[in-house]
Amino acid sequence: DEELIQNTNFINPSDGEVSEYVNTINKSKIINVIPYNASELYAENYESTLSSQAFFLVFFAIAFIFNLIGIIANLANSIKNNLREFAIHYLYGATKNDILSRIIFYVLLILIPPILIAYVIINHMGLLTALPRWESPVFFSLFVLLSVVIVSIYPIKKLHAVNLQDLIRRD
């Protein structure tokens, strides 16, 4: 009766249990067992995985910040170029809140697709597995809301600084 033993695993064994098992198998002289502690390998693997996850998260964060700056500049330029249009809407009965809601809708339209794509890629790569609460729809919604607020602050301040009534009088 020969039996080949492969990949025998112990979960949290004591040193005595492992020694007893190895000695019992080695006494049979059929095979020679050399115990290997895989916890060191798992620790190395975990550290390398964690460092690669941190690298990609930092990369996505930097890319996201540069994109936000570009979107803010785009919005500021868009508001500057559309001041007359805003004044005309204001003349025909639109309130400043109507114009602000239009800007926020535009920001949502610009931000949601790339954030959604990045979120799917990050989840597909498994970068958020160490932080399970980040994978929730609540976190995603809060992240989008925070992004919209951050992007909207400067253009809205710029719009509030302009007196639309003066633009109507001037034209």
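Predicted model: local features only at pLDDT ≥ 70, side-chain atom pairs only at ≥ 80, totals over all residues.
Figure 1. The patch lies on the surface and is formed by Phe55, Phe56, Phe59, Ile117, Ile121 and Met125, which together have about 580 Å² of accessible area. One of these residues, Phe55, is found in helix H2, and Phe55 counts as exposed because its relative accessibility is 53%, where the cut-off for exposed is over 50%.

**Figure 2. The chain as a whole.** The secondary structure comes to 6 helices and 0 strands, so that, read from the N terminus, the order of elements is α-α-α-α-α-α. Of the 171 residues in the chain, 21% are buried. The chain exposes about 12,800 Å², and carbon and sulfur atoms supply 62% of that area. Among the contacts with a separation of 6 or more, 72% are accounted for by residues 24 or more positions apart.

**Figure 3. The largest nonpolar core.** The largest nonpolar core has 20 residues, and those that touch the most other members are Phe86, Ile103, Val107, Leu111, Val151 and Leu159. At least two residues of this core come from each of H2, helix H3 (83-91), H4 and H5, and H4 gives the most, with 7 residues. A closer look at Leu159 shows that, when residues up to four places away in sequence are not counted, Leu159 touches Ile79, Leu83, Phe86, Lys96, Ile99, Leu100 and Ile103.

Figure 4. Apart from residues up to four places away in sequence, Leu68 touches Leu111, Ile150 and Val151. For one of these residues, Leu111, the spacing can also be followed along the chain: Leu68 and Leu111 are 43 residues apart in sequence, while their C-alpha atoms are separated by 8.7 Å.

Figure 5. Ser147 counts as buried because its relative accessibility is 3%, and Ser152 is buried because its relative accessible area is 5%. The side chain of Ser147 reaches the backbone oxygen of Phe143 at a distance of 2.8 Å. Leaving aside neighbours within four places in sequence, Ser147 is in contact with Phe64, Leu111 and Ile115, whereas Ser152, with residues up to four places away not counted, touches Ile104 and Val107.

Figure 6. The structure holds 1 salt bridge, in which the side chains of Glu85 and Arg102 meet with an N to O distance of 2.4 Å. This pair links distant parts of the chain, since Glu85 belongs to helix H3 and Arg102 to helix H4, with the two residues 17 residues apart. Glu85 is partly exposed because its relative accessible area is 31%, and Arg102 counts as partly exposed because its relative accessibility is 36%; both values fall between the 20% and 50% limits that define this class.

Figure 7. Asp98 counts as partly exposed because its relative accessibility is 40%, and Ala118 is partly exposed because its relative accessible area is 23%. For Ala118 and Phe64, the C-alpha to C-alpha separation is 9.2 Å in space, although the two residues are 54 residues apart in sequence.

Definitions and conventions. Residues numbered from 1 in each chain as written. Heavy atoms only, no water. Patch = residues over 30% accessible without salt bridge, like charges linked within 9 Å, V, L, I, M, F, W, Y side chains within 5 Å. Areas by Shrake-Rupley, 256 points an atom, 1.4 Å probe, with all protein chains shown as cover. Salt bridge = Lys/Arg side-chain N within 4 Å of Asp/Glu carboxyl O. Helix = DSSP H or I, 4+ residues; strand = E, 2+ residues; numbered from the N terminus. Buried < 20%, exposed > 50% of the residue type's maximum accessible area, 1.4 Å probe, protein only. Polar contact = N/O pair within 3.5 Å; in protein donor to acceptor, adjacent residues only side chain to side chain. Contact = heavy atoms within 4.5 Å. Core = buried A, V, L, I, M, F, W, Y, C linked by side-chain atoms within 4.5 Å.
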